[in-house]
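Here is a friendly note to read with the structure open beside you. Take the points one at a time, and find each residue on screen as you go.

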There are 2 protein chains.
Amino acid sequence: MLKDEDLKFISHCLPFLKHIDKSDLDIVYSACSKSILQPGEIIMNEEKECRGIVAVNSGQLRAYFESEDGKEITLYRLLPNDVCILTASCVLKNITFEITLEVEKKSTVFSIPAKIWSTLSEKYSSVKEYSIALVNRRFSDVMWVMEQMVSKNMGQRVASFLLEQAELEHSRTISVTHEEISKNLGTAREVISRILKYFENDGLLKLSRGRITLTDIGRLKKLGR
Amino acid sequence: MLKDEDLKFISHCLPFLKHIDKSDLDIVYSACSKSILQPGEIIMNEEKECRGIVAVNSGQLRAYFESEDGKEITLYRLLPNDVCILTASCVLKNITFEITLEVEKKSTVFSIPAKIWSTLSEKYSSVKEYSIALVNRRFSDVMWVMEQMVSKNMGQRVASFLLEQAELEHSRTISVTHEEISKNLGTAREVISRILKYFENDGLLKLSRGRITLTDIGRLKKLGR
């Protein structure tokens, strides 16, 4: 059973709920589940059942695409108040791919089952509109990632990644391994290690076990642009 | 003024038109324009006005994404009966990227202005549903392209591209320059020339000026898979 503050959060995150009938709202509220998730958990992938709509109350999750040969490409991150609809791909017509959703920081999320979403979407125009806007946003995110993939060399992509990570962690020192960076950027660990070593020699950052300290944000920004 | 056969084609291509009021249908029909387009024409890109919904009656068009530094990535092709909605990106909420649409073969297309589409979409649930399904399909197309970008080496991508091209041209001999292949795959012309030379030495194809003849489809398929 969800608490009042939970219901308040859901209504805030999914504004179209204001426009649906009381009886349907009750169905949504009673079907909605709250989960507390630990870093490293995979809450959705090809093998798992469709998770439904996910609204993030706190924490951080990473949505990525896994290629057939196991390479990962980070598509976007979910932060508090973000909603993910690709986790309901089973009820989205013509979506033929599956994303993987991994918990990066301890998170609290609310999920609405895909089936309920599907029913709402059939019945309410406002829900359809919300779906379009949300899918479109993710589509734009993915196009941005694609742009990064082709238009920057790997050095630039690493610089962008490090800056993004520093912003997320609110710190110049970020906890990330070479392995993790290579997975995020869909390349080999050796390539990343070489680039990081190069950056260190160039005075852009300092490497230590499992951590990277950015020492020249200005030049990294110039490089990552 | 469109002919009866034109209207018949539009209704066939855009099935939701069956569900809209006669008065709105008249608006759509009178705003819809027919264009005959020549190969090489760019009918939509960042600089041009939003084209609206495009329905292809005959011919072939290529939708691609152009990165800031001028690299092209082919996202999908439009063949007869295909409809493109990303050409109406100006009225699609949260779509922040622009595609370029290039005519590859002499084409006849019908366009419905973006503004009319937007009005229809606000008013009719069936139009919203159609939009979702179409955007989702293009999103899936793009994810497939992304999968190709990361999971295959360039040799495999070239093999896939040549086979696709042969299928489109209904011929083992395809008219394509190394430059065009490199643009399609977002890489340097030299890289493509090297791979093609390698394929020729390997007996997979024969190169001649502006043309490539596939001599071992079976092995190319195996390679491209």
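1. Let's begin with a pocket. Sorted by class, the lining residues of the largest pocket come out as 13 nonpolar, 6 polar and 7 charged. Please keep in mind as you look around that this is a predicted model.

2. How many residues line the largest pocket? The lining has 26 residues, and those nearest the pocket's centre are B:Arg77, B:Trp144, B:Ser160, B:Phe161 and B:Glu164. The volume of this pocket is about 710 Å³.

3. Next, see which parts of chain B build that lining. Strand 4, helix 4, helix 5 (154-169), helix 6 (178-185) and helix 8 (217-224) of chain B each give two or more residues to it. Helix 5 of chain B has the largest share, with 8 residues.

4. Now turn to the place where the two chains meet. Chain A brings 35 residues to the contact, and chain B brings 35 residues as well. The size of an interface is often given as the accessible area lost when the parts come together. Between chain B and chain A, the buried area is about 3,300 Å², with 70% of it coming from carbon and sulfur atoms.

5. What about charged partners? The interface of chain B and chain A has 2 salt bridges by the rule used. One of the salt bridges pairs B:Lys128 with A:Glu129, and their closest N and O atoms are 3.6 Å apart.

6. Which element of chain B gives the most to the side that touches chain A? Strand 3 (53-66), strand 4 (72-78) and helix 4 (125-151) of chain B each supply at least two residues to that side. Of the elements of chain B, helix 4 gives the most, with 20 residues. By class, the side of chain B that touches chain A holds 17 nonpolar, 8 polar and 10 charged residues.

Technical notes: Residues are numbered from 1 along each chain as its sequence is written. Chains are lettered from A and ligands numbered from 1 in the order in which they are written. This is a predicted model: local features need pLDDT of at least 70, side-chain atom pairs count only at pLDDT 80 or more; totals for chains, interfaces and linings use all residues. Side-chain values use heavy atoms; hydrogens and water are left out. Contact means heavy atoms within 4.5 Å. Buried area is the accessible area (1.4 Å probe) that two parts lose on being put together, summed over both. A salt bridge is a side-chain nitrogen of Lys or Arg within 4 Å of a carboxyl oxygen of Asp or Glu. Helices (H or I, at least four residues) and strands (E, at least two) are DSSP runs, numbered from the N terminus. Ala, Val, Leu, Ile, Met, Phe, Trp, Tyr, Cys and Pro count as nonpolar, Asp, Glu, Lys and Arg as charged, and the others, Gly among them, as polar. On a 1 Å grid over the protein atoms alone, a cavity is a set of points where a 1.4 Å probe fits but cannot get out, and a pocket is an open set with protein on both sides within 12 Å along at least five of seven lines; lining residues have an atom within 4 Å of a point. Grid points are joined across faces, edges and corners, and a volume is the space filled by probe spheres set on the points.
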